[in-house]
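Open your viewer and get ready to click along. We will go from stop to stop, selecting a few residues each time.

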Amino acid sequence: MYHHRSSHPAGDGGVVEVAFTDRHGGVSEGPFASLNLAVDGADDPAARAENLRRVLADFAPGDDLVDLRQVHGATVHVDDGSRGQAGARPEADGVVTGRAGAVLAVRAADCVPVLLADLETGVVGAAHAGRQGVLTGVVPATVVRMRELGAGPVTAWIGPHVCGACYEVPEQLQREVLAAVPQSRATTSWGTPALDLGAGVRAQLAAAPGGPVTVVDVSACTLESDHLYSHRRDSGRAGRIAGLVRRSPPRAGREAS
Ligand SMILES: [Zn+2]
């Protein structure tokens, strides 16, 4: 079920938990087998709903899910709990919250999923950055929204995405991205122009407003791993993994004074 999962004590006595799923442990079939967490697509909606139910029951039982309709933009949704369980997904590619008991989710299949937390205040965030997201700076924009909620030092976990040796792009497209984020430069293993979106995100985090962000890289190449979904490898009939982050409330008797 998980490519990576870890827990980190937060300053208020709670715990920040982060996870990136893999493709195992769900009920989807065919190219979507088995833990497809896509919002839409050709996979059976009932299977997708059951996959999401399984992940949330395991990772964040009882939590309020805050997820997005991702549109490859730079909009960041600031969760304040007012959307409610039945609310529509806001159109955004970043999300932040200061609430305990809310789980934030982003979904990807080659794009870069990024989870963020200030372990002192417990402010958490998540973002999804593809080529457009790196160009528009959705990840640093998410850090800015976290700072507005009171975050100080931020840690970022970078999850599975297509690597620079696999992500071939036309030379013109490469030039366009390098003009904004030169650190994204890459060459495929067969010698053609490519982009390293993970390197681009790391450079943006190093230069983030309010001070550099500590990066924990738990990525793997989605195109090269059979345990992950890849939009490129699977010609558009790919499922999605999710990045998940939450802060649990302090346990009774452990509240910070
Ligand atoms: Zn690769």
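The model is a predicted one: local features need pLDDT of at least 70, side-chain atom pairs count only at pLDDT 80 or more, and totals for chains, interfaces and linings use all residues. Residues are numbered from 1 along each chain as its sequence is written.

**Stop one: a peptide bond.** Most residues other than glycine have a negative phi, and most peptide bonds are trans. Now select Ala 33 and Ser 34: the bond from Ala 33 to Ser 34 is cis, with omega near -15 degrees. Ser 34 sits in the loop between strand 2 (15-21) and helix 1 (45-59). Helices (H or I, at least four residues) and strands (E, at least two) are DSSP runs, numbered from the N terminus.

**Stop two: two positive phi angles.** Select His 72, in the loop between strand 3 (64-66) and strand 4 (76-79). His 72 is not a glycine, yet its phi is positive, about 60 degrees. Next, pick Asp 110, in the loop between strand 6 (102-108) and strand 7 (112-117). Asp 110 is not a glycine either, and has a positive phi of about 125 degrees.

A residue is buried with 20 or more other C-beta atoms within 10 Å of its own, exposed with 12 or fewer, and partly exposed in between, with C-beta atoms placed from the backbone. His 72 has 15 such neighbours, so it counts as partly exposed.
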